[in-house]
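Here's a quick briefing to read alongside the model. Have the sequence and the 3D view open, and click through as you go.

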Amino acid sequence: MNLMMKSNSDNIKKYILDIFFPNRCPFCGKVIKWNENCCEKCGEEIPFINTEHCKRCGQENCMCDEIKIHYDGCVSIVDYSGIIRDGIIRFKVDKAVNLVDVFEDRIYDRLSSMVDIGKIDVVTSVPMHKSAKRVRRYNQTDIIAKTVSNIINKPRNTRLLIKLKNNIAQHKLNSYERAKAVKGLYSSDKKCIQEVNGKVILLCDDIITTGSTLNECARILKENGAKAVYCFTIASTQLNK
Ligand SMILES: [Zn+2]
Ligand SMILES: [Zn+2]
(Lines give C-alpha, C1' and ligand atoms only; values in the text may rest on other atoms or scores of the structure.)
(Ligands and ions follow the chains in the order given, each with its own letter.)
Protein backbone atom coordinates (compact mmCIF):
# COMPACT_ATOMS: atom_id res chain seq x y z
CA MET A 1 0.00 0.00 0.00
CA ASN A 2 1.55 3.32 -0.89
CA LEU A 3 1.45 6.28 1.44
CA MET A 4 -1.17 8.20 -0.53
CA MET A 5 -3.60 5.27 -0.54
CA LYS A 6 -3.02 4.69 3.13
CA SER A 7 -3.66 8.29 4.09
CA ASN A 8 -6.82 8.32 1.93
CA SER A 9 -8.23 5.24 3.60
CA ASP A 10 -7.28 6.68 7.00
CA ASN A 11 -9.09 9.89 6.11
CA ILE A 12 -12.23 8.05 5.00
CA LYS A 13 -12.19 6.14 8.29
CA LYS A 14 -11.77 9.38 10.28
CA TYR A 15 -14.55 11.10 8.32
CA ILE A 16 -17.05 8.29 8.86
CA LEU A 17 -16.10 7.81 12.51
CA ASP A 18 -16.69 11.52 13.11
CA ILE A 19 -20.38 11.12 12.18
CA PHE A 20 -20.91 8.75 15.10
CA PHE A 21 -18.20 9.92 17.53
CA PRO A 22 -17.46 13.61 16.98
CA ASN A 23 -13.74 14.30 16.86
CA ARG A 24 -12.57 16.07 20.02
CA CYS A 25 -9.50 18.07 20.95
CA PRO A 26 -7.28 15.61 22.86
CA PHE A 27 -6.31 18.35 25.34
CA CYS A 28 -9.54 20.17 26.27
CA GLY A 29 -12.22 17.85 24.85
CA LYS A 30 -13.83 20.53 22.66
CA VAL A 31 -15.50 19.18 19.49
CA ILE A 32 -13.29 19.86 16.47
CA LYS A 33 -13.54 19.16 12.73
CA TRP A 34 -12.96 15.57 11.62
CA ASN A 35 -9.67 16.48 9.94
CA GLU A 36 -8.26 18.61 12.77
CA ASN A 37 -5.80 17.24 15.36
CA CYS A 38 -6.62 19.67 18.16
CA CYS A 39 -8.41 23.00 18.71
CA GLU A 40 -6.67 26.21 17.69
CA LYS A 41 -6.23 27.48 21.25
CA CYS A 42 -4.57 24.28 22.50
CA GLY A 43 -2.48 24.09 19.32
CA GLU A 44 -0.86 27.39 20.30
CA GLU A 45 -0.11 26.19 23.82
CA ILE A 46 1.78 22.97 23.06
CA PRO A 47 5.11 23.11 24.95
CA PHE A 48 7.38 21.68 22.26
CA ILE A 49 10.86 20.96 23.60
CA ASN A 50 13.14 23.77 22.57
CA THR A 51 16.03 23.20 24.93
CA GLU A 52 18.97 20.92 24.28
CA HIS A 53 18.47 17.45 25.77
CA CYS A 54 21.18 14.78 25.92
CA LYS A 55 20.61 12.52 22.88
CA ARG A 56 21.85 9.52 24.83
CA CYS A 57 19.88 9.58 28.10
CA GLY A 58 17.19 11.93 26.77
CA GLN A 59 17.44 14.19 29.82
CA GLU A 60 17.76 17.94 29.99
CA ASN A 61 20.25 17.43 32.85
CA CYS A 62 22.39 14.61 31.48
CA MET A 63 22.54 11.55 33.73
CA CYS A 64 24.94 9.52 31.61
CA ASP A 65 27.75 9.83 34.18
CA GLU A 66 25.52 9.04 37.13
CA ILE A 67 23.81 5.81 36.12
CA LYS A 68 24.43 3.07 33.62
CA ILE A 69 22.21 3.85 30.64
CA HIS A 70 21.32 0.66 28.76
CA TYR A 71 19.56 2.34 25.84
CA ASP A 72 21.49 3.99 23.04
CA GLY A 73 19.47 7.16 22.66
CA CYS A 74 16.22 8.81 23.64
CA VAL A 75 14.18 11.68 22.22
CA SER A 76 10.86 13.25 23.20
CA ILE A 77 8.61 15.81 21.53
CA VAL A 78 7.11 17.95 24.29
CA ASP A 79 7.64 19.02 27.89
CA TYR A 80 5.28 17.36 30.34
CA SER A 81 3.69 20.63 31.39
CA GLY A 82 0.57 22.73 30.80
CA ILE A 83 -1.96 21.16 28.43
CA ILE A 84 0.26 18.10 27.91
CA ARG A 85 -0.59 16.93 31.45
CA ASP A 86 -4.31 17.07 30.60
CA GLY A 87 -3.65 15.45 27.22
CA ILE A 88 -1.75 12.52 28.72
CA ILE A 89 -4.43 11.96 31.38
CA ARG A 90 -7.17 12.01 28.73
CA PHE A 91 -5.01 9.71 26.59
CA LYS A 92 -4.76 7.19 29.44
CA VAL A 93 -8.16 7.53 31.07
CA ASP A 94 -10.63 8.84 28.49
CA LYS A 95 -9.23 6.95 25.48
CA ALA A 96 -8.29 10.23 23.75
CA VAL A 97 -6.14 8.16 21.42
CA ASN A 98 -5.92 10.96 18.86
CA LEU A 99 -3.34 12.69 21.10
CA VAL A 100 -0.51 11.07 19.14
CA ASP A 101 -1.85 12.47 15.84
CA VAL A 102 -1.01 15.98 17.07
CA PHE A 103 2.69 15.12 16.91
CA GLU A 104 2.64 13.14 13.65
CA ASP A 105 4.47 15.82 11.65
CA ARG A 106 7.37 15.99 14.10
CA ILE A 107 7.99 12.33 14.89
CA TYR A 108 10.13 11.52 11.85
CA ASP A 109 12.43 14.55 12.25
CA ARG A 110 12.76 14.05 15.97
CA LEU A 111 13.71 10.39 15.55
CA SER A 112 16.17 11.09 12.75
CA SER A 113 17.97 13.59 15.00
CA MET A 114 18.84 10.57 17.18
CA VAL A 115 19.20 7.54 14.92
CA ASP A 116 19.52 6.55 11.28
CA ILE A 117 15.90 5.43 10.83
CA GLY A 118 16.88 2.97 8.10
CA LYS A 119 18.74 0.94 10.72
CA ILE A 120 15.68 0.36 12.94
CA ASP A 121 14.35 -3.20 12.62
CA VAL A 122 11.29 -3.13 14.84
CA VAL A 123 9.14 -0.75 16.88
CA THR A 124 7.92 -1.87 20.29
CA SER A 125 6.44 -0.32 23.43
CA VAL A 126 6.69 -0.46 27.21
CA PRO A 127 4.18 -3.14 28.17
CA MET A 128 1.32 -2.88 30.62
CA HIS A 129 0.42 -5.61 33.10
CA LYS A 130 -2.35 -7.81 31.69
CA SER A 131 -4.76 -7.04 34.54
CA ALA A 132 -4.30 -3.28 34.07
CA LYS A 133 -4.82 -3.72 30.33
CA ARG A 134 -8.01 -5.66 30.98
CA VAL A 135 -9.36 -2.69 32.93
CA ARG A 136 -8.28 -0.01 30.44
CA ARG A 137 -8.86 -2.24 27.40
CA TYR A 138 -5.83 -0.77 25.61
CA ASN A 139 -2.23 0.19 26.29
CA GLN A 140 -1.55 3.80 25.35
CA THR A 141 2.07 3.00 24.54
CA ASP A 142 0.92 0.51 21.85
CA ILE A 143 -0.89 3.39 20.18
CA ILE A 144 2.30 5.43 20.16
CA ALA A 145 4.21 2.45 18.71
CA LYS A 146 1.54 1.98 16.03
CA THR A 147 1.72 5.61 14.90
CA VAL A 148 5.53 5.62 14.96
CA SER A 149 5.72 2.35 13.02
CA ASN A 150 3.38 3.77 10.34
CA ILE A 151 5.36 7.00 10.09
CA ILE A 152 8.78 5.38 9.76
CA ASN A 153 7.41 2.42 7.80
CA LYS A 154 8.93 -0.23 10.05
CA PRO A 155 7.23 -3.29 11.54
CA ARG A 156 5.70 -3.12 15.00
CA ASN A 157 5.82 -5.90 17.55
CA THR A 158 4.45 -4.98 20.97
CA ARG A 159 4.92 -8.51 22.36
CA LEU A 160 8.69 -8.35 22.83
CA LEU A 161 8.39 -7.45 26.51
CA ILE A 162 6.00 -8.57 29.26
CA LYS A 163 5.15 -6.75 32.46
CA LEU A 164 5.17 -9.34 35.21
CA LYS A 165 3.68 -7.38 38.11
CA ASN A 166 1.49 -4.38 38.68
CA ASN A 167 3.68 -1.84 40.42
CA ILE A 168 2.84 1.02 42.75
CA ALA A 169 2.56 4.48 41.21
CA GLN A 170 6.05 5.83 40.67
CA HIS A 171 5.33 9.53 40.81
CA LYS A 172 6.18 9.85 44.51
CA LEU A 173 9.52 8.04 44.25
CA ASN A 174 12.95 9.60 43.79
CA SER A 175 15.28 8.42 41.05
CA TYR A 176 17.05 5.84 43.23
CA GLU A 177 13.71 4.42 44.43
CA ARG A 178 12.40 4.33 40.87
CA ALA A 179 15.40 2.40 39.59
CA LYS A 180 14.90 -0.08 42.44
CA ALA A 181 11.12 -0.28 41.94
CA VAL A 182 11.33 -1.35 38.28
CA LYS A 183 13.67 -4.27 38.98
CA GLY A 184 11.86 -7.54 38.28
CA LEU A 185 8.80 -5.82 36.79
CA TYR A 186 9.55 -6.74 33.18
CA SER A 187 10.72 -9.74 31.25
CA SER A 188 11.20 -10.64 27.61
CA ASP A 189 8.69 -12.89 25.89
CA LYS A 190 10.72 -16.00 25.07
CA LYS A 191 8.45 -16.66 22.06
CA CYS A 192 9.75 -13.44 20.47
CA ILE A 193 13.45 -13.93 21.11
CA GLN A 194 14.19 -14.21 17.37
CA GLU A 195 12.74 -10.76 16.89
CA VAL A 196 15.04 -9.28 19.55
CA ASN A 197 18.33 -11.05 18.92
CA GLY A 198 20.63 -8.95 16.74
CA LYS A 199 17.94 -6.32 16.13
CA VAL A 200 17.87 -2.54 16.42
CA ILE A 201 14.76 -1.79 18.48
CA LEU A 202 12.81 1.43 18.92
CA LEU A 203 11.05 1.39 22.29
CA CYS A 204 8.09 3.76 22.78
CA ASP A 205 6.56 5.16 25.96
CA ASP A 206 4.36 8.13 26.83
CA ILE A 207 6.60 9.96 29.35
CA ILE A 208 10.23 9.83 30.41
CA THR A 209 11.00 11.04 33.93
CA THR A 210 14.13 9.45 35.33
CA GLY A 211 14.26 6.94 32.48
CA SER A 212 14.26 3.99 34.89
CA THR A 213 11.43 2.13 33.13
CA LEU A 214 12.97 2.57 29.68
CA ASN A 215 16.37 1.66 31.09
CA GLU A 216 15.08 -1.57 32.64
CA CYS A 217 13.25 -2.54 29.42
CA ALA A 218 16.37 -1.75 27.38
CA ARG A 219 18.51 -3.79 29.77
CA ILE A 220 16.27 -6.82 29.24
CA LEU A 221 16.21 -6.40 25.46
CA LYS A 222 20.02 -6.13 25.42
CA GLU A 223 20.32 -9.16 27.70
CA ASN A 224 18.33 -11.03 25.04
CA GLY A 225 20.68 -9.98 22.28
CA ALA A 226 19.27 -6.67 20.99
CA LYS A 227 21.98 -4.91 19.01
CA ALA A 228 20.74 -1.44 20.00
CA VAL A 229 17.73 0.04 21.75
CA TYR A 230 16.54 3.59 21.03
CA CYS A 231 13.71 5.22 22.94
CA PHE A 232 10.97 7.58 21.91
CA THR A 233 8.52 9.26 24.25
CA ILE A 234 5.86 11.87 23.65
CA ALA A 235 6.69 13.87 26.77
CA SER A 236 9.69 14.48 28.98
CA THR A 237 9.80 15.72 32.53
CA GLN A 238 12.18 15.90 35.47
CA LEU A 239 11.54 14.90 39.05
CA ASN A 240 11.94 18.45 40.37
CA LYS A 241 9.50 19.93 37.82
ZN1 LIG B 1 -8.36 22.20 22.89
ZN1 LIG C 1 23.03 12.02 28.99
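Predicted model: local features only at pLDDT ≥ 70, side-chain atom pairs only at ≥ 80, totals over all residues.

The protein chain splits into domain 1 (1-44) and domain 2 (46-236). In the sheet, four strands pair in parallel, and the largest nonpolar core counts 53 residues.

**How the domains sit together**

- On the contact side, six residues of domain 1 meet 11 residues of domain 2.
- What sort of residues does domain 1 put on the side that touches domain 2? Four are nonpolar and two are polar, with no charged ones on that side.

**The sheet**

- Reading across, the strand order is E1-E6-E5-E2, and the sheet is open.
- Strand E1 (73-79) and strand E2 (122-125) are the edge strands, each pairing on one side only.
- From one strand to the next, the twist averages 20°.
- E1 and E6 run parallel and are joined by six bridges; to find this pairing on screen, look for Val78, which stands opposite Ala235 in E6.
- Moving along, E5 and E6 are also parallel, with eight bridges between them. Here Leu203 stands opposite Cys231 in E6.
- E2 pairs with strand E5 (residues 200-208) in the parallel sense through four bridges, and Ser125 has Cys204 of E5 as its bridge partner.

**How covered are the strands?**

- Is E1 largely enclosed or open? Seven of the seven residues of E1 are buried, so the rest of the structure largely encloses this strand.
- E5 is mostly covered as well, with seven of its nine residues buried.

**Helices across the sheet**

- Helix H6 (residues 140-152) lies across E2, E5 and strand E6 (228-236), at about 130° to E5.
- Helix H8 (residues 212-223) lies across E1, E5 and E6, and runs at about 165° to E5.

**The nonpolar core**

- Which residues have the most contacts inside the largest core? They are Leu202, Leu203, Leu214, Cys217 and Leu221.
- At least two core residues come from each of E1, helix H3 (83-93), helix H4 (104-112), E2, H6, E5, H8 and E6.
- E6 gives the most to this core, namely six residues.
- Both domains take part: domain 1 (1-44) and domain 2 (46-236) each provide at least three residues of this core.
- As general background, nonpolar side chains in soluble globular proteins tend to be buried together.
- Apart from neighbours within four places in sequence, Leu203 is in contact with Thr124, Ser125, Val126, Leu214, Cys217, Ala218, Val229 and Cys231.

**A loop residue to check**

- Asn153 is in the loop between H6 and strand E3 (161-163).
- The phi of Asn153 is near 60°, a positive value in a residue other than glycine.
- Why does Asn153 count as exposed? Asn153 has 11 C-beta neighbours inside 10 Å, and a residue with 12 or fewer is classed as exposed.

Key: Residues numbered from 1 in each chain as written. Chains lettered and ligands numbered in written order. Domains from an automatic or database assignment. Contact = placed C-beta atoms within 7 Å. Nonpolar A, V, L, I, M, F, W, Y, C, P; charged D, E, K, R; others polar. Pairing = 2+ DSSP bridges. Axes fitted to C-alpha atoms, helices over the stretch in contact; angles between N-to-C directions. Core = buried A, V, L, I, M, F, W, Y, C linked by C-beta atoms within 7 Å. Buried ≥ 20, exposed ≤ 12 C-beta atoms within 10 Å, placed from the backbone.
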